[in-house]
Amino acid sequence: MNKKSKPSAYTLPASQLQKIIDLLHEQGYTVIGPQRQDNAIIYDEITSTDALPAGWTDVQEGGTYQLQRRDDDAWFGYAVGPHSWKQFLFPAKKKLFTIERETFRAQAEPADKTRYAFLGVRSCELHAIAIQDKVFRDGPYADPAYSRLRNNAFFIAVNCTEPAATCFCSSMNTGPGAESGYDLLLTELIDSGQHEFLISSASAKGRALLGKMELPEATPAARERGQELLARAADKMHRRMDAEKARKLLLANPEHPHWQELGARCLSCANCTMVCPTCFCSTVEDVTSLTGDTAERWRRWDSCFTMGHSYIHGGHIRSSGAARYRQWLTHKLATWVDQFGVSGCVGCGRCITWCPVAIDVTEEITKFEPVTQETAA
Amino acid sequence: MAALTDPMLPRPFRIEKVTHETADTFTFELSQQQADGDGRFDFACGQFNMLYTFGTGEIPVSISGDPAKPQRLVHTIRAVGSVTRAMKKLKKGDTLGVRGPFGSAWPVQQAEGNDVIIIAGGIGLAPLRPAICSILQNREKYGHVALLYGARTPQDILFEKELREWRGRFDMQVMITVDHAVGTWKGNIGVVPDLIKRVKIDPDNTIAMVCGPEIMMRFCVIELHNRGMEHDTIFVSMERNMKCGIGLCGHCQYGPEFICKDGPVFPFSKIRTLFDIYEL
């Protein structure tokens with residue numbers, strides 16, 4: 001790459017972000033971005049930067065999530081909320097087909113041609129999307145709806161400079177800085193009253209859009225500041241996960257006594273699987289019209305924490321909470337690698353924050369370590 | 001066009017014939033309604049389809065037909081849940097939705113040149129029937145062929161007419177046992193693994209294909225292993241909840257395996273470490 005002819009980063013004054021949103025609208029994109037709703041930062045359609053959660057941050061711990069005012073007016077000064085981009089690419093509820101009793105012809109839903117532009121995608125979330133690509137798009141059978149939405153989407157990533165206490169992406173090598181999978185990448189710089197972004201592109205789509213902006217090249221000082229913020233963010237993360245070790249521990253311990261303890265604490269509420277940006281289980285529901293002439297088949301998000309998930313005639317395979325917790329954690333951190341070549345965890349910490357009983361996967365995994373004399377003493 | 005490539009859309013199949021096998025088990029012979037081409041339904045022995053009944057739901061069911069007769073798609077179904085009970089009410093001329101075929105197959109080619117021991121429990125005979133048909137059509141390619149079949153009672157024995165034919169052959173050993181019986185039953189009473197003791201096994205030149213309840217498969221594998229067979233020569237067919245059949249819904253996971261796309265037929269060596277884990 002020739003860095004001299006093409007600057008690697010530009011400076012985008014905060015006031016100019018609106019122009020990017022406008023350009024995306026002109027190109028037919030539906031822009032989804034962060035906003036404050038119901039005391040959480042969630043993802044929904046936005047048309048203006050006024051909707052961004054300016055000056056808010058999220059304080060997270062096991063089982064708690066609270067929004068607090070920041071000292072500054074940063075637009076992306078939070079980590080991640082209960083939403084992930086999964087809900088747009090893999091909707092929680094989707095009609096698969098409508099069928100007529102008479103003709104028995106199954107009519108698929110018209111393809112969702114929405115072109116999403118996702119604003120504020122974190123590195124962990126880009127990794128989560130890459131993981132779901134392996135599940136839904138790149139396997140022997142593809143989900144055509146997912147593939148279309150995902151391939152049409154425009155990704156504006158934001159480097160994460162304000163990780164939550166529940167984050168552990170740095171140890172999972174999935175953040176805090178975004179390295180690939182985006183069209184545009186922002187780093188928010190907010191110093192002594194100046195509010196601007198470093199902006200760079202990593203795709204033709206991204207470069208084309210940047211080309212319309214006529215932005216000044218970022219100064220070395222600004223670039224350095226961006227790097228500094230990322231390094232500081234990585235340092236702030238105290239939770240850790242050793243992915244390779246976790247995998248080995250789980251594969252070696254399907255019958256460890258700690259599963260019983262986890263099973264006793266876990267409420268099987270499925271929150272962790274709903275907020276997880278990579279969990280992909282779904283079930284189907286059949287609905288018949290009142291006249292009985294037509295029926296519909298719907299796909300809905302499902303969770304391995306429900307009893308029905310493992311039901312076959314005669315009973316539920318995973319009838320105990322311990323077995324369901326083992327399925328979730330072992331799949332996420334261990335067998336996922338066998339299936340898709342990557343861990344199913346991106347270290348976003350959502351499952352810790354949104355667990356009503358504050359089960360912390362980074363802590364629980366250590367309970368499977370063999371008891372050495374040192375630790376026993 | 002998307003409708004054609006959507007793997008979740010069922011294709012309509014007409015029920016051409018219903019055979020009541022036992023009090024709760026029936027066989028459908030189906031023909032393709034929107035036949036593109038010659039209406040053949042080609043599949044590998046041991047594969048399954050997702051069968052959809054209007055408005056009720058969709059379930060995985062193994063194909064029980066003869067692969068040499070692909071004009072008719074054959075499924076043998078036991079009425080045990082809401083979908084299969086709805087299917088039991090269907091008659092000739094009614095329509096079913098079909099997606100498939102999916103999954104892995106019995107090693108009928110790999111078994112050529114070897115002895116074959118086929119072990120079935122209950123409805124587990126249905127997924128093995130295509131393999132039996134295929135082996136008998138190419139009988140000269142195999143050594144000793146044995147079928148061991150266990151049913152709950154004499155009244156629960158599937159494919160009785162065919163079993164009589166198979167037992168009449170001089171080139172096939174057929175043994176049947178039931179868990180319990182009253183009245184005129186003069187045959188074996190006991191569990192299927194006990195029959196294995198009575199079969200000649202040349203452990204280095206035998207392929208076993210086993211399908212039935214997990215508990216039955218467990219003891220069959222132990223018995224076959226005791227007789228000197230390696231775990232990679234014993235094949236089993238597994239069952240789990242499935243919503244999609246194509247590895248997307250997550251329901252059929254069994255450790256690292258997706259029963260729908262990595263199975264349902266596995267060499268036992270591949271799942272040996274999973275098989276003994278309770279509630280996996």
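In this predicted model, strands β6(A) and β7(A) run antiparallel and are joined by three bridges. Within this pair, A:Ile99 has A:Ala106 of β7(A) opposite it. Both strands belong to an open sheet of four strands in chain A, in the order β7-β6-β13-β12, with antiparallel pairing. The edges of this sheet are β7 (106-108) and β12 (282-288) of chain A; each has a single partner strand, so one side of each is left without a neighbour in the sheet. On average, and ignoring direction, neighbouring strands here are turned by 25° against each other.

Chain A also has an open sheet of seven strands, ordered β1-β11-β10-β9-β8-β2-β3, and its pairing is mixed. Here β1 (10-13) and β3 (40-45) of chain A are the edge strands, and each has a single partner strand, so one side of each lacks a neighbour in the sheet. From one strand to the next, the twist averages 30°. Inside this sheet, β9 (residues 154-158) and β10 (residues 184-191) of chain A run parallel and are joined by three bridges. A:Ile156 has A:Leu184 in β10(A) as its bridge partner. Helix α7 (residues 220-236) of chain A packs on the sheet, where it touches β1, β10 and β11 (194-201) of chain A. The direction of this helix makes about 95° with that of β10(A).

**Helix packing**

Another packing contact in chain A is between two helices. Helix α9 (residues 258-265) and helix α11 (residues 321-340) of chain A pack at an angle of about 105°, and their axes are 7 Å apart. Angles of 65 to 115 degrees count as roughly perpendicular, so α9(A) is roughly perpendicular to α11(A). On the α9(A) side, the contact is made by A:Trp259, A:Gln260, A:Leu262 and A:Gly263. On the α11(A) side, the residues are A:Gly321, A:Ala322, A:Tyr325 and A:Arg326. Sorted by class, this contact has four nonpolar, three polar and one charged residues.

**Domains and chains**

How is chain A divided into domains? The domain assignment gives domain 1 (10-236) and domain 2 (243-376). Taken over C-alpha atoms, the centres of domain 1 and domain 2 of chain A are separated by 26 Å. Their contact takes 37 residues from domain 1 of chain A and 33 residues from domain 2 of chain A. On the side of domain 1 that touches domain 2, the elements giving two or more residues are β6 (93-100), α3 (123-136) and α5 (169-172) of chain A. The largest share of that side comes from α3(A), with nine residues. By class, the side of domain 1 of chain A that touches domain 2 has 18 nonpolar, eleven polar and eight charged residues.

Chain A is also in contact with chain B, through 39 residues of chain A and 34 residues of chain B. On the side of chain B that touches chain A, two or more residues each come from α1 (2-5), β4 (57-62) and β6 (95-102) of chain B. The largest share of this side, three residues, is from α1(B). Its residues divide into 14 nonpolar, 13 polar and seven charged.

**Backbone details**

Most residues other than glycine have a negative phi, and most peptide bonds are trans. The table lists exceptions.

| Site | Feature | Value |
|---|---|---|
| A:Gly175 and A:Pro176 | cis peptide bond | omega about 5° |
| B:Gly263 and B:Pro264 | cis peptide bond | omega about 10° |
| A:Asp38 | positive phi | near 50° |
| B:Glu279 | positive phi | near 60° |

A:Pro176 is found in the loop between α5 and β10 of chain A. B:Pro264 is placed in the loop between β14 (257-258) and β15 (265-267) of chain B.

Where does A:Asp38 lie? A:Asp38 is in the loop between β2 (30-37) and β3 of chain A. A:Asp38 has 7 other C-beta atoms within 10 Å, so it is exposed. B:Glu279 is in the segment after α7 (268-275) of chain B. With 16 C-beta neighbours inside 10 Å, B:Glu279 counts as partly exposed.

How values were computed
Residues are numbered from 1 along each chain as its sequence is written. Chains are lettered from A and ligands numbered from 1 in the order in which they are written. This is a predicted model: local features need pLDDT of at least 70, side-chain atom pairs count only at pLDDT 80 or more; totals for chains, interfaces and linings use all residues. Domain bounds come from an automatic or database domain assignment. Two residues are in contact if their C-beta atoms, placed from the backbone, lie within 7 Å. Ala, Val, Leu, Ile, Met, Phe, Trp, Tyr, Cys and Pro count as nonpolar, Asp, Glu, Lys and Arg as charged, and the others, Gly among them, as polar. Two strands pair if DSSP finds at least two bridges between them. Axes are lines fitted to C-alpha atoms, for helices over the stretch in contact, and angles run from 0 to 180 degrees between N-to-C directions. A residue is buried if 20 or more other C-beta atoms lie within 10 Å of its own, exposed if 12 or fewer, and partly exposed in between; C-beta atoms are placed from the backbone. Angles under 35 degrees count as roughly parallel, over 145 as roughly antiparallel, 65 to 115 as roughly perpendicular and the rest as oblique.
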